[in-house]
Amino acid sequence: MVSRRNHADRGDEVLTRRVATLLLALARRRWPVDLRDDLHREWTAELHVLADRRQRVAMLLFAASLAARRSGVPAADRAPLGRWLLRTALPLLLAPTVCAAVVLAGFVVTDRIVQTMPWRVEWAYDVQLPLASGLVLAVAVGLAILADRLARLGPPGGWAAVVAVMAPLAATVLLIVYALRLDGEFETGMPVLVFWLAALTVVLRGAAALAARGRIRAAWAAGVLGALVVADLTVVLAVLGDVSTGRHTLMPHGDPVDPVSAPLWLFAVWTNSSLGFPRPTDWELFLLTDSVLVLPLFLLAVTPYTLAWVLRAARCRRTGVVGVPALPVR
Amino acid sequence: MRITIPVARVLAALLAEPDAERYGLDLMAMTDLPSGTLYPVLHRLRAAGWLAAEWEPVDPSTVGRPARRYYRLTPEGVAAARQALAELRALAPDPRPGLGGAEPTGAPAW
């Protein structure tokens, strides 16, 4: 009985803290950008004191009062809601569509480049895919740098940032699948896409947890490595799904692509080469690129910005709460 | 600096012990102001140079909580606050005994 009551108390405490934290996040936005971090840090410290005294109602009143009242600073000095939405929600909503457009543009641009090459250059078509991959990667890095800057204004850290990044991505992918449902190709690939979204969510959350503890390099290493493994598995599942269904005309039943080289398929499609390994062979490369041409490039376009946004948000959360060196203000 | 009732309350509380370090929760308790009113007042006083704020010099990992920020009147703020409260008291038709708290040991009455 006592244990159950303690458990309920603990649950109330966690709920109170979460509600108060949410209210503080709202209050933070009522202040000028240059004051927000210090004020949020101060309020969080005061909230911590109230939590230690188990004054839950006082915690909620403290946070609610801050969230309800204006800062009193001239409006021009504050970031209004519209501007905040423009800088955070809108980029996150548009980013997946932009990535899909970048992949499409990559193919169109490289096709034009290849077409303008002299017809007698035999390797022209061999470089089209690496060129497209390079172009997509360049834009993806640019998007990641932009995401790193914009994430400073968005919801800080943890699951909030992961959900903010992944929800629009999942919605966009679903919309694309729905829009292209008559084609049939995306319907059969749906489980693979769901796996990719779920696994990437887990990787991002893990990397964010590391970043929140101040282990930035480890967070980036885990994030990049995890996202690569997830993307690799996604491509493998997509190709094997193609083989198992025998849907594709160039992939009849009978395993035309040897799975022994499966871990290389993602990189093979990006570079249109076997990277010096005996497999995949040229014929297998042809089958691979014919089976999953767009998906690997879409993963390449999307992953960097998701990782950059989530890690920056996690770092902002860390500097906004605990573990920060005490700095003199004035 | 426009002296409103909340500003006067905060100044009176701070003048009670000008050298004392006051945290936000302390000032809320002393002035009976909600946090949403107190922090804008503190910001105005800091912007006017009357108030200084510093983070307490503790290691969060050692004390097990985030460092708090405390406030103290600057020498200029002490003089200005005393003058402002004195003027306010002079304006009042029936000044109450502890109104301003301008005296170093006076308790805040607002």
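**Close-up views of chains A and B**

**View 1. Polar contacts between chain B and chain A.** In this predicted model, eight residue pairs, both members at pLDDT 80 or more, are found by the rule to be in polar contact across the interface of chain B and chain A. On the side of chain B that touches chain A, at least two residues each are supplied by α2 (24-31), α3 (35-47), β2 (51-55) and β3 (69-73) of chain B. Of the elements of chain B, α3(B) gives the most to this side, with seven residues.

**View 2. Salt bridges across the interface.** The rule finds two salt bridges across the interface of chain B and chain A. In a salt bridge shown here, the side chain of Arg69(B) meets that of Glu42(A), with a distance of 2.9 Å from N to O.

**View 3. The extent of the interface.** Contact between the two chains involves 29 residues of chain B and 29 residues of chain A. Chain B and chain A bury about 2400 Å² between them, and 60% of this area is on carbon and sulfur atoms.

**View 4. A nonpolar surface patch on chain A.** Leu86(A), Leu90(A), Leu93(A), Leu94(A) and Val98(A) together make a nonpolar surface patch of about 430 Å². The most is given to this nonpolar patch by helix α5 of chain A, which spans residues 89-116 and provides four residues.

**View 5. Leu94(A) within the patch.** Leu94(A), one of the residues that make the nonpolar patch, lies in helix α5 of chain A. Because its relative accessibility is 45%, Leu94(A) counts as partly exposed, a class that lies between buried, under 20%, and exposed, over 50%.

How values were computed:
Residues are numbered from 1 along each chain as its sequence is written. Chains are lettered from A and ligands numbered from 1 in the order in which they are written. This is a predicted model: local features need pLDDT of at least 70, side-chain atom pairs count only at pLDDT 80 or more; totals for chains, interfaces and linings use all residues. Side-chain values use heavy atoms; hydrogens and water are left out. Patches are made of residues with over 30% relative accessible area and no salt bridge: like charges are joined within 9 Å, nonpolar side chains (Val, Leu, Ile, Met, Phe, Trp, Tyr) within 5 Å. Accessible areas come from the Shrake-Rupley method with a 1.4 Å probe; for residues, only the protein chains shown count as cover. A salt bridge is a side-chain nitrogen of Lys or Arg within 4 Å of a carboxyl oxygen of Asp or Glu. Buried means under 20% relative accessible area, exposed over 50%, partly exposed in between (1.4 Å probe, protein chains only). Contact means heavy atoms within 4.5 Å. Buried area is the accessible area (1.4 Å probe) that two parts lose on being put together, summed over both. A polar contact is a pair of N or O atoms within 3.5 Å; within protein, one must be able to donate a hydrogen and the other to accept it, and residues adjacent in sequence count only if both atoms are side-chain atoms.
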